[in-house]
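User: Take a close look at a single part of this one for me, please. I'd like to know how that part sits in the whole.

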Amino acid sequence: MMSSSKACKTMLAEIDTYEKGPLIDLGSGWGTLVIAVAQKHPNQQVIGYELSWFPWLVSKILKHSLRLDNLTLFRKDFKNADLSTASSLVCYLFPEGMVALQEKLVDEVFNKVTIVSNTFALPLCQPTRVIKLRDFYQTPIYVYHWPPK
Ligand SMILES: C[S@@+](CC[C@H](N)C(=O)[O-])C[C@H]1O[C@@H](n2cnc3c(N)ncnc32)[C@H](O)[C@@H]1O
């Protein structure tokens with residue numbers, strides 16, 4: 001599954017560029033969202049973490065053909081990644097993935113970070129806002145500002 005074009009557009013609009021630090025996609029898949037982020041923010045470091053080798057390989061080929069020098073794509077579990085310096089995190093995961101993300105945020109992230117999640121909410125955190133896409137499922141996009149107040 002990849003984020004729809006409506007979801008990508010909405011998520012891109014919510015990314016925070018005021019804070020310094022990389023913009024990170026936690027599960028970058030075929031590169032749909034992370035490439036759109038890197039194209040919109042050519043002067044910022046953009047990182048994607050992806051577990052599955054085939055989508056990761058395709059995204060690497062796309063990155064090179066589009067000459068996105070600001071984009072780094074790791075074949076790696078985001079649970080083992082350093083998220084402490086990120087300015088924005090984007091994701092389209094699944095409920096257990098959001099539990100793992102919440103645990104990582106609590107344990108490791110003390111900077112201000114904006115989190116934009118397609119479809120799935122963080123289990124123990126109140127979103128700053130929820131945008132319902134005008135699609136068949138009224139897909140929610142959750143926006144969080146970490147640390148919570
Ligand atoms: C629904 S896709 C979303 C792809 C892309 N972010 C988008 O929005 O189009 C979720 C991706 O997260 C990857 N993923 C799931 N758990 C992961 C983990 N712990 N670390 C890295 N990638 C993970 C999956 O392999 C899958 O490719």
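Analyst: Residues 24 or more positions apart make up 65% of the contacts in the protein with a separation of 6 or more, a contact being two residues whose C-beta atoms, placed from the backbone, lie within 7 Å. Bear in mind that this is a predicted model: local features need pLDDT of at least 70, side-chain atom pairs count only at pLDDT 80 or more, and totals for chains, interfaces and linings use all residues. Numbering runs from 1 along each chain as its sequence is written.

H3 covers residues 53-65 and stretches 18 Å from first C-alpha to last, close to the expected 18 Å, which is 1.5 Å times one less than its number of residues.

Trp56, Ser59 and Lys63 are its buried residues, buried meaning 20 or more other C-beta atoms within 10 Å of a residue's own, with exposed being 12 or fewer and partly exposed in between, C-beta atoms placed from the backbone. Those buried residues fall within an arc of 65° seen down the axis of H3, so they line one face of the helix; the arc is that of the directions from the helix axis to the C-beta atoms. They pack against helix H2 (32-40) plus strands S2 (46-50) and S3 (71-75). Over on the other side, Phe54, Ile61, His64 and Ser65 are exposed. Just past H3, Arg67 adopts a positive phi of about 55°.

How values were computed
Helices (H or I, at least four residues) and strands (E, at least two) are DSSP runs, numbered from the N terminus.
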